[in-house]
Amino acid sequence: MVQWVDGPGTVSGMTHTVEELGIEIPGRAAAWELLTDHTTQPGLVGHARAVEAAMRWYAKRGGADEELWGCVGLLHDFDWEIHPTLEQHPADGAPMLREAGWPELVVRAIQAHAPHTGVEPESDLEKTLFACDELSGFVVAVARMRPEGFAGMTPKSVTKKLKTASFAAGVSREDVDRGCELLGLAKSEHIANVVEAITPIGDTLIGDVTGAR
Ligand SMILES: [Fe+2]
Ligand SMILES: [Fe+2]
């Protein structure tokens, strides 16, 4: 069992299914459609799928709703291509999510992945999304550099790359650290989890990613 830090929606909150939460979600196919209706860059779709995989992994481990958590991962950057500034993303995506039938819990979680919105990650869902976003992007960048991709990737090698400021410089090391703190996990453990989560779809995220879903 994951040791989750205290806050709204802690251990018992994790076990809630969408039924128990009293919400309905449009589902993965609808999330995929919303994402791909607004996203043409394969790398960005791949990032969404990587974060989805990490979210599903943590949901499964913690007994949370895998579909809900996966959809939040898949959708978190759905508006980035059409809202490519920090003023717009993800704030301007929120009304679009509501319009598409996504409940407030999902809308809030997506706002909370972006520190500049001022929406603090509070629930386990929100904390996990925050923690998986930057790190998922980073491990995919590391995999692209390795001839063997994800196979055999160790937390130690990822940590070493994190210390190289020029490597994947767009990934905020501060946010990676904060994500680990939010989850109450050592960085090496969170890295190992995210690598394990993404490895099964790893080959579809590097190289020619066109058409992967
Ligand atoms: Fe984002
Ligand atoms: Fe992201």
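Biologist: What pattern does the protein chain follow when it is read along the sequence?

Modeller: This is a predicted model, and in it the protein chain follows the pattern α-α-α-α-α-α-α-α-α-α-α, which comes to 11 helices and zero strands. The radius of gyration of the protein chain is 16 Å, close to the 17 Å that the globule rule gives for 213 residues, so the chain is as compact as a globular protein of that length.

Biologist: What does the C-alpha trace span along its principal axes, and what share of the residues count as buried?

Modeller: The C-alpha trace spans about 45 × 40 × 30 Å along those axes, and 39% of the 213 residues count as buried. Among contacts with a separation of 6 or more, 69% are accounted for by residues 24 or more positions apart.

Biologist: Turning to the backbone, is the peptide bond from His89 to Pro90 cis or trans?

Modeller: Omega is the angle to read here, and for the bond from His89 to Pro90 it is near 0 degrees, which makes the bond cis. Pro90 itself has its place in the loop between helix H5 (66-75) and helix H6 (94-99).

Biologist: Where is Ala168 found, and is its phi positive or negative?

Modeller: Ala168 is found in the loop between helix H9 (155-163) and helix H10 (173-183), and its phi is near 40 degrees, a positive value in a residue other than glycine.

Biologist: Why does Ala168 count as partly exposed?

Modeller: A residue is buried if 20 or more other C-beta atoms lie within 10 Å of its own, and because Ala168 has 19 C-beta neighbours inside 10 Å, it counts as partly exposed.

Key. Residues numbered from 1 in each chain as written. Chains lettered and ligands numbered in written order. Predicted model: local features only at pLDDT ≥ 70, side-chain atom pairs only at ≥ 80, totals over all residues. Helix = DSSP H or I, 4+ residues; strand = E, 2+ residues; numbered from the N terminus. Rg over C-alpha atoms; globule rule 2.2 N^0.38 Å. Buried ≥ 20, exposed ≤ 12 C-beta atoms within 10 Å, placed from the backbone. Contact = placed C-beta atoms within 7 Å.
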